[in-house]
Amino acid sequence: MAAARQVYIAIIGAGGVGKCFLSQLEQLARHRPNPELVLSYITTSKKAVYSSDYSPISFDSALSTLASSSQAPLEPLKLAEFLSASGSKAILVDNTSSQHVAEAYPLFLSRGISIVTPNKKAFSGSYKLWQDIFSASEQSGALVYHESSVGAGLPVISTLKDLVDTGDEVIKIEGVFSGTMSFLFNSFAPTSGSGSKWSAEVKKAKELGYTEPDPRDDLNGLDVARKLTILARLAGLPVESPTSFPVKSLIPKELESVASGDEFLEKLPEFDDQMEETKVAAEREGKVVRFVGSIDVATKQVKVGIEWFDRSHPIASLKGSDNIISFYTKRYGSNPLIIQGAGAGGEVTAMGVTSDLLKVLAQL
Ligand SMILES: NC(=O)C1=CN([C@@H]2O[C@H](COP(=O)(O)OP(=O)(O)OC[C@H]3O[C@@H](n4cnc5c(N)ncnc54)[C@H](OP(=O)(O)O)[C@@H]3O)[C@@H](O)[C@H]2O)C=CC1
Ligand SMILES: N[C@@H](CC=O)C(=O)O
Ligand code: NA
């Protein structure tokens, strides 16, 4: 019997999403022997595990081996050389939120290394980086998938691509695009009852693994702005950056310059009154506040901010970290195609990354 083909997997980032991905990868490797998935590199920001002869790293013990490793991570160029010198197909899984790693995607792709990632930074950075990524992919044939960069594992990107590729005309995309913001507003300003303190919920969202590594990246609205930048570009609008349209920040002015995310979380309770006022103003009108975004393709307008909703509105009655994303298109008319479900969390995000990996494997 012929030996199974090998595909080398390199993982950058082993935090909340990275750990769940590793465990899903282990199951996948066990149940799908062909091609044989060989873990040949894994790293956090400080430590790495790999060997010059590409000996497989055991899926079971990868995290403990990583914790006790004295190897330093390879810089992107060295990692690209290491993977392309193997002679086997390789897939890079970027489970970080690093801009530095994101900027190296064109390099990896030009060396024939495919990429799957939940990291938004590459696709919502400069429009030039976006163009460089997709032209490197087109030229080398290496693939790039990033489903979990919007709506975690929910099929948001694949749906939008299908709409566009089949010739539908996207008119508007709107909804709740942040698992963290959804969780915060659903518990701080529920449709019934009085809700809890803003700062306590922010702390909880971080503990549950919903926030970005630094929760200020959620609260300043930029995480949602990044997602809308990605969707707008896929819908055909060449949005220059996530700061090129109006974005509402929920960071109190007094905390704009604190040095770290930890110091920010420590001081946030002193400013709970500010969010309380926003909530009470909506309640006086019988409404609730929610954090939403929209892309109007026809008028080329993108915006991110707080809006008031009737308690019976589907956006008001979301639960937990749920996202809800409505696609208004020519074919779907006035009844939009709607996607709803958990928009953050390690397992659901890793599911999007693992399913992207399967899509790449099917085409290698
Ligand atoms: N959490 C969620 O619900 C969702 C997350 N995402 C995206 O998934 C990605 C990961 O999120 P999450 O797992 O929650 O984040 P974590 O902070 O839990 O993990 C990040 C990991 O990346 C590592 N890392 C950071 N920078 C580098 C670098 N330059 N080189 C190597 N490793 C690096 C960190 O290492 P160290 O510990 O040493 O710093 C850590 O292992 C982010 O891009 C996020 O936006 C997308 C959808 C949902
Ligand atoms: N921090 C993000 C994670 C997913 O993209 C969110 O809360 O939505
Ligand atoms: Na998604």
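**Close-up views of the predicted model**

**View 1. Residues 13–147 of the predicted model.** An unreviewed UniProt entry annotates residues 13–147 as "domain: Aspartate/homoserine dehydrogenase NAD-binding".

**View 2. The surroundings of ligand 1.** Ligand 1 is surrounded by 31 residues, of which Gly13, Gly15, Val17, Ser97 and Ala344 are the closest. By class, this shell comprises 18 polar, 10 nonpolar and three charged residues. Helix H1 (16–31) and helix H4 (99–103) each contribute at least two residues to the shell; H1 gives the most, with three. Both domain 1 (6–152 + 348–363) and domain 2 (156–344) are represented around ligand 1, each by at least three residues.

**View 3. The open sheet of five strands.** The strands are arranged in the order S9-S8-S7-S10-S11, and their pairing is antiparallel. From one strand to the next, the twist averages 20°.

**View 4. The pairing of S8 with S9.** Strand S8 (residues 287–296) and S9 run antiparallel and are joined by 10 bridges. Ser294 has Lys303, in S9, as its bridge partner.

**View 5. Helix H8 against the sheet strands.** Helix H8 (residues 179–188) lies across strand S7 (170–176), S8, strand S10 (322–329) and S11. Relative to S8, the helix runs at about 160°.

Definitions and conventions
Residues are numbered from 1 along each chain as its sequence is written. Chains are lettered from A and ligands numbered from 1 in the order in which they are written. This is a predicted model: local features need pLDDT of at least 70, side-chain atom pairs count only at pLDDT 80 or more; totals for chains, interfaces and linings use all residues. A residue is near a molecule or strand if its C-beta atom, placed from the backbone, lies within 6 Å of it. Helices (H or I, at least four residues) and strands (E, at least two) are DSSP runs, numbered from the N terminus. Ala, Val, Leu, Ile, Met, Phe, Trp, Tyr, Cys and Pro count as nonpolar, Asp, Glu, Lys and Arg as charged, and the others, Gly among them, as polar. Domain bounds come from an automatic or database domain assignment. UniProt positions are given in the numbering used here, feature names are shortened, and annotations may be inferred rather than shown by experiment. Two strands pair if DSSP finds at least two bridges between them. Axes are lines fitted to C-alpha atoms, for helices over the stretch in contact, and angles run from 0 to 180 degrees between N-to-C directions. Two residues are in contact if their C-beta atoms, placed from the backbone, lie within 7 Å.
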